[in-house]
Amino acid sequence: MTKEIDLNLSKMAYGAIQEKLDKELEAVFKNIHDPNVQAKRKRTITITLGFTPDDARNVVKVSAGVKSTLAPTEEVEATVLTGKDLKTGRIEAHELASGARGQTYFDPEDSQLKTDVGEPVDVIEKETKAKAKVIDLQEKRG
């Protein structure tokens, strides 16, 4: 018995539809194994077939589109400290690295003590000392 409509998607267009499907399947499974994506989110693949007949209605062009809808990567958060430099008037913003405003921490990458925004404390202390003018209150004036 012969089918009245005998179209095999995996063979149509010399296998191009199947190739497109294979590419989207690869993307879906890569997305499933991405640790930055929520595991249980649904992914979909949509195959769209378009049929355009000629005027005599005996020749039909079939176009095929294959697209996937993947689960988005999970959002990440950062805390940013912002304010205005009172000396220059410029707005500043830096990511909070220590976990609490004004708290220093030891950076695990280089074992240095750093400020809440990740600047080495020893560098800031040297800069502060260089700028500071020491006033000797016991200096005799004559």
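# Values set against definitions

Q: Why does Lys-20 count as partly exposed?
A: Lys-20 has a relative accessibility of 42%, and the rule is that a residue is buried under 20% relative accessible area, exposed over 50% and partly exposed in between, with a 1.4 Å probe and protein chains only. Because 42% falls in the middle range, Lys-20 is called partly exposed. This is a predicted model, in which local features need pLDDT of at least 70 and side-chain atom pairs count only at pLDDT 80 or more, while totals for chains, interfaces and linings use all residues. Residues are numbered from 1 along each chain as its sequence is written, and side-chain values use heavy atoms, with hydrogens and water left out.

Q: Where is Lys-20 found, and what makes that element a helix?
A: Lys-20 is found in helix α1. Helices are DSSP runs of H or I with at least four residues, strands are DSSP runs of E with at least two, and both are numbered from the N terminus.

Q: Which residues is Lys-20 in contact with, leaving aside its neighbours within four places in sequence?
A: The partners are Ala-64 and Val-66, where contact means that heavy atoms come within 4.5 Å. Although Lys-20 and Val-66 are 46 residues apart in sequence, their C-alpha atoms are 6.1 Å apart in space.

Q: How do you know whether Asn-31 is buried or exposed?
A: The relative accessibility of Asn-31 is 9%, so this residue counts as buried. Asn-31 is also found in helix α1, and beyond its neighbours within four places in sequence it is in contact with Val-37, Arg-43, Leu-70 and Ala-71.

Q: What makes the phi of Tyr-14 worth a remark?
A: The phi of Tyr-14 is positive, about 55 degrees, although Tyr-14 is not a glycine. Tyr-14 is found in the segment before α1, and with a relative accessibility of 85% it counts as exposed. Arg-57, which lies in the loop between β1 and β2, also has a positive phi, of about 65 degrees, without being a glycine. Arg-57 counts as exposed because its relative accessibility is 71%.

Q: Which residues make the nonpolar surface patch?
A: The patch, of about 700 Å², is made by Ile-5, Leu-7, Leu-9, Ile-47, Leu-49, Phe-51, Val-60 and Val-62. Patches take residues with over 30% relative accessible area and no salt bridge, joining nonpolar side chains (Val, Leu, Ile, Met, Phe, Trp, Tyr) within 5 Å and like charges within 9 Å; a salt bridge is a side-chain nitrogen of Lys or Arg within 4 Å of a carboxyl oxygen of Asp or Glu. Accessible areas come from the Shrake-Rupley method with a 1.4 Å probe, and for residues only the protein chains shown count as cover. The largest share, three residues, comes from β1. Ile-5 lies in the segment before α1 and counts as exposed, because its relative accessibility is 68%.

Q: How do you know that β3 and β4 pair?
A: Two strands pair if DSSP finds at least two bridges between them, and five bridges join β3 (residues 80-84) to β4, the two strands running antiparallel. Val-80 stands opposite Glu-95 in β4, and Gly-83 has Glu-92 as its bridge partner there. The two strands form a hairpin with six residues between them, and Gly-89 in the turn has a positive phi of about 80 degrees.

Q: Why is strand β4 called hardly covered?
A: Among the five residues of β4 (residues 91-95), the count of buried residues is zero.

Q: Why is the protein chain called more spread out than a compact globule?
A: The protein chain has two helices and six strands, in the pattern α-β-β-β-β-β-β-α along the sequence. Its radius of gyration is 33 Å, well over the 14 Å that the globule rule gives for 142 residues, so the chain is more spread out than a compact globule. The radius is taken over C-alpha atoms, and the globule rule is 2.2 Å times the number of residues to the power 0.38. The C-alpha trace spans about 120 × 35 × 25 Å along its principal axes, and of the 142 residues, 14% count as buried.
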